[in-house]
There are 6 protein chains.
Amino acid sequence: MRPSGRTASQIRPVSITRNFTAHAEGSVLVEFGDTKVICTASVTEGVPRFMKGKGEGWITAEYGMLPRSTHTRCDREAARGKQGGRSLEIQRLIGRSLRAAVDLKILGENTITLDCDVIQADGGTRTASITGACVALVDALTYMRSKGILKANPLKHMIAAVSVGIYKGEAISDLEYIEDSAAETDMNVVMTETGKLIEVQGTAEGEPFSFEEMSEMLELAKHGLREIIDIQKAALA
Amino acid sequence: MRPSGRTASQIRPVSITRNFTAHAEGSVLVEFGDTKVICTASVTEGVPRFMKGKGEGWITAEYGMLPRSTHTRCDREAARGKQGGRSLEIQRLIGRSLRAAVDLKILGENTITLDCDVIQADGGTRTASITGACVALVDALTYMRSKGILKANPLKHMIAAVSVGIYKGEAISDLEYIEDSAAETDMNVVMTETGKLIEVQGTAEGEPFSFEEMSEMLELAKHGLREIIDIQKAALA
Amino acid sequence: MRPSGRTASQIRPVSITRNFTAHAEGSVLVEFGDTKVICTASVTEGVPRFMKGKGEGWITAEYGMLPRSTHTRCDREAARGKQGGRSLEIQRLIGRSLRAAVDLKILGENTITLDCDVIQADGGTRTASITGACVALVDALTYMRSKGILKANPLKHMIAAVSVGIYKGEAISDLEYIEDSAAETDMNVVMTETGKLIEVQGTAEGEPFSFEEMSEMLELAKHGLREIIDIQKAALA
Amino acid sequence: MRPSGRTASQIRPVSITRNFTAHAEGSVLVEFGDTKVICTASVTEGVPRFMKGKGEGWITAEYGMLPRSTHTRCDREAARGKQGGRSLEIQRLIGRSLRAAVDLKILGENTITLDCDVIQADGGTRTASITGACVALVDALTYMRSKGILKANPLKHMIAAVSVGIYKGEAISDLEYIEDSAAETDMNVVMTETGKLIEVQGTAEGEPFSFEEMSEMLELAKHGLREIIDIQKAALA
Amino acid sequence: MRPSGRTASQIRPVSITRNFTAHAEGSVLVEFGDTKVICTASVTEGVPRFMKGKGEGWITAEYGMLPRSTHTRCDREAARGKQGGRSLEIQRLIGRSLRAAVDLKILGENTITLDCDVIQADGGTRTASITGACVALVDALTYMRSKGILKANPLKHMIAAVSVGIYKGEAISDLEYIEDSAAETDMNVVMTETGKLIEVQGTAEGEPFSFEEMSEMLELAKHGLREIIDIQKAALA
Amino acid sequence: MRPSGRTASQIRPVSITRNFTAHAEGSVLVEFGDTKVICTASVTEGVPRFMKGKGEGWITAEYGMLPRSTHTRCDREAARGKQGGRSLEIQRLIGRSLRAAVDLKILGENTITLDCDVIQADGGTRTASITGACVALVDALTYMRSKGILKANPLKHMIAAVSVGIYKGEAISDLEYIEDSAAETDMNVVMTETGKLIEVQGTAEGEPFSFEEMSEMLELAKHGLREIIDIQKAALA
């Protein structure tokens, strides 16, 4: 049923390349099939003004797409003069998700910025971004410990994300672009390695979905995310 | 356990005042307890450029807060020169949700803009906005039929929204500000009058939530939304 | 002669509702006939940078219209990315007028921001805003005294505003939209309760006006403003 | 009493240099004492979108100050990314005033843009701008007639502007910077050569002003504007 | 003398990977040592407004750096709300250079957009961008011919670019970051495969340079560019 | 061969008027034929944030064109909401060039801002700006010494700029608009009074240029700049 011949629960090959670029404290190329995102983690001393004086750190994210990462060229947001609503929504999701992975008190008054830049898009760029950013974050935390900036490990648990959806009436996992653009429902799920939920965002693109379909999608997500978290761990081993 | 003395599943008093202002084709003041939002529906001929020539209509939404709708004054977005990420995220959600309530083909090449302006905020402004905007939309559609702009009713089903969450370890419904700001998890649910889902957005603010808590929250939402949809229908009767 | 049947000097019913919303230190709904504006006064400690170190306070204003406060929907300024020239001009006028009502030295290094948001427009929104903002300001000053922030009352005099104009060759008071859009001349007058002028802004929309017409309009304004100031005082009693 | 030794009703030397720059259809350097403004009138075929199809023309204005036209350097508005409220207010005033001088029907579907750029500021830049722009406009209309673009003269009457104010308790005319910054009241008056009013904008900077002071200021303005209009006519002779 | 041990005239290893991403009509990863830039060429029908009706095509470029392509993270221009002066200057240079490589009449009313996004920066990003963009452009032109969009080849000649400079008093070729930041003079040269010049941009960073040094740098550039053009041709073979 | 009848190496009459406006520490009207630019130098204490604590000064420049300095009116950049790429490129060039004329250590923690505003354009506005700004800078430095702000003269050498180009196949000097718009190559050269180069920016507008033509243009520039520097010195004498 799926254009790629995958089974409903089958995710695409996921590949994680660490140290992809030279300068960042964490730098990962994450690939979910043909979706490719560069995720870097940058460490800076200090926190934004609204966090000052709490003795806690901050984690934030920015997301962008290269103009020709897509089938037809999309506008360069820097040239248009602002980030679109979709980009803002995605980077808020990435930032929120990664903050939930870290104990900000142990991080101390340091900021980690996660930049997720899509160089090739084929569906699932936000979930790939979260998955890759988590690995970049772990590398940055390791760097901070090696430099004596941190005395303990602030990581509470690995997190990863996957998209699931209802496509031709059936729940499927890790939608590629051709499925995504035809899906009745699209849902992004962020989960911890301990099997708990960080974010669930389900949207009916066409027809509303039932509470039963909701459950099926969650089940698929849980299954796929276990695989993805194993791949993250292997990459970090 | 709840500051207001409400039971876990009890929603706040919901009030819907139609024809709240004079000029709009639909104009509703919606109140969920102390949260008050003016929702107007404006009808214009034609559709945005990206929809032209499809013979379909368009529904879009914009959301804002009066600067002093909140406990401490927030910046006026017009003065700052751009809408914040939160506003964009919310108005995208409102627009998407209402589009899912309407058959755009029957709407024809007309646009309905839903403006949701919060005049007093006490938690749940986005779900109140969706709930009120749906009633304003129905009034605008009635207006269009009365003017002969529409030959059939494009409404597929009423929709409404409520927030649910995990507060002090327990699932509760329709969080007010004081609960919202302390909740471990916050989830917004948009449902049709036929009991199907349009949007589910759950976020762990502090601790991750379990699949069981997810189910409990969904159950509470379903229950609360049935009440809210009854109130919408009574207001429209 | 007037569409409403009013006499030339007759102002519309003016209504002032205090404590209209919950959070602001002063919150007023002001109505001049069908024109309705929410005016809030927000108190914050400190002053803008250019006022620092003078031992004086600051009063500023912001003005906006809900997109569908008007007959046809106007753009949301936050979405367009800037306030239009008309909004800036009006909020500068409101701020200037209210500053003239207060002794900034007695106010001390505190800022009061007056937000005037039009929820329904039928002519005279700027004069209604000034009139309502003055009442909200008085409530905020009372709040500040009750909290011990102020030791003396910085209010020098109440102020109010009304529009006058030349309509079909005759001077009239408090123009509603239908008159305003056809008037030859439009003039806004801000006056103190002691009968002195704060601002006079007269504009020939079509034909120039004579010095005699100027005098007639000023006379009408003086008369109308005495009534309006009485209504303010009654509301505050 | 006045720093310059001028009498209360005495205006500064006013000088008008036509053809100041080469490319514009009208180009004037106007000087009120040490205030110097370049005013150009640019003719373009067609009108802005909101005027299309009415068979009428349009006149608009833009105003700016060179960054070092003032005692201390002010920001370049182009670099800051927007025009300030003061500039917008002034250019709206200039445009409105000049539109009132012209029969837009006779102008036909043509646009004249008046650019007023202050190269040296010493008080009264907006009134100097209006005065100079009117002469540039006349030159542009003459050009249009000579090119056969216009068959009749759309000019209804010359206009000019002057500032008046209350300074040390006395009404004075044509305030220079040192007076302006200390004045209790500042008023700008735009008048036609036929002695009728186009705009009156009076503002209490410190103390409110009485109706009598209002009359005195208007009288001074009328007197000064007769002189200024004579100077315009001499320049055009 | 050089940190890398290179001779004065020795360029870094240059590598050109075609078809680096999937969607663009031309997609190249260009590497000059540790400087890595993704260059894509996107073909669209039609031309910008200012070119319409001339029967000619258009070539334009946009340039950006991933925030962590640099040693310390630089701001994301999309988030700051505008492209900096440096980016604009560079993309204008890239666009101008590539337009000089193509006969716009033969291109017909089509637009090619060259996006150059730096993923890792080590000096010479603008010259690497031009060099890579030329190869992406050739691939896009080949695509257009294969699709029948073009009947003839609009390429007039290959172009390439290199930086040269004065470092520790001596002319050197293809500066890496550590040299660039210490160089007295920095010069970028764009040359055709026929040995003619398209752009020369020399800047004294510290001390002015002599006409003799100018000649030496041009000589080095000519030599380096011959090598680079050979590498372009080999990549395209 | 040249429209003006000038010989290939002949520059236009250059005129420099000091103290052109009243307020700036240096104020120059520079004219290259019909190109007229007002250049002011403004002195402020302190330096921008990125320069703080180095004990060095800063020199920066801003450039603009009055909307009707050109044959057809160009947009006012302040109204469009941003400076165009061309303006940014030019002001970066002016700032860089003037910084190269000054010993920033001797300048101390002071900033000089050079504003170059074109009031009439006929080609070569950027080179006229640099030439005039250098004289304004010298006046500002003299002012600073007279006020005791500087103890020594930070000027290392005068600088000046001229444009050269290839027009109808021949190298010519100081192009006016009609030549500039038809030139095959356009090159701007900034030189010190000691005959060394600060900036060389050559661009093939149509056909690429040879290394020989490059040399010819540099030779013409050197010759013209000697004359221009003599005129600067005479103006300052």
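Which residues does A:Gly124 touch, not counting residues up to four places away in sequence? A:Gly124 touches A:Arg12, A:Thr35 and A:Leu175, where contact means heavy atoms within 4.5 Å.

This is a predicted model, in which local features need pLDDT of at least 70 and side-chain atom pairs count only at pLDDT 80 or more, while totals for chains, interfaces and linings use all residues. Residues are numbered from 1 along each chain as its sequence is written, chains are lettered from A and ligands numbered from 1 in the order in which they are written, and side-chain values use heavy atoms, with hydrogens and water left out.

**The annotated site in chain A**

An unreviewed UniProt entry places the feature "binding site" at A:Arg86, A:Gly124, A:Thr125 and A:Arg126; such annotations may be inferred rather than shown by experiment, feature names are shortened, and the positions are given in the numbering used here. Although these residues are spread over 41 residues of sequence, they cluster in space, the largest C-alpha distance being 13.3 Å.

A:Gly124 is found in the loop between strand S5 (110–120) and helix H4 (125–146) of chain A, and A:Thr125 is found in helix H4; helices (H or I, at least four residues) and strands (E, at least two) are DSSP runs, numbered from the N terminus. Leaving aside its neighbours within four places in sequence, A:Thr125 is in contact with residues including A:Thr35, A:Tyr63 and A:Arg86. A polar contact of 2.6 Å joins the side chains of A:Thr125 and A:Tyr63, the term denoting a pair of N or O atoms within 3.5 Å of which, within protein, one must be able to donate a hydrogen and the other to accept it, while residues adjacent in sequence count only if both atoms are side-chain atoms.

**Accessibility and backbone**

In the table, buried means under 20% relative accessible area, exposed over 50% and partly exposed in between (1.4 Å probe, protein chains only).

| Residue | Relative accessible area | Class |
|---|---|---|
| A:Gly124 | 16% | buried |
| A:Thr125 | 6% | buried |
| C:Lys168 | 58% | exposed |
| F:Asn19 | 63% | exposed |

C:Lys168, in the loop between strands S6 (159–167) and S7 (170–173) of chain C, has a positive phi near 50° although it is a residue other than glycine. F:Asn19, in the loop between strands S1 (14–18) and S2 (26–32) of chain F, likewise is not a glycine and has a positive phi of about 55°.
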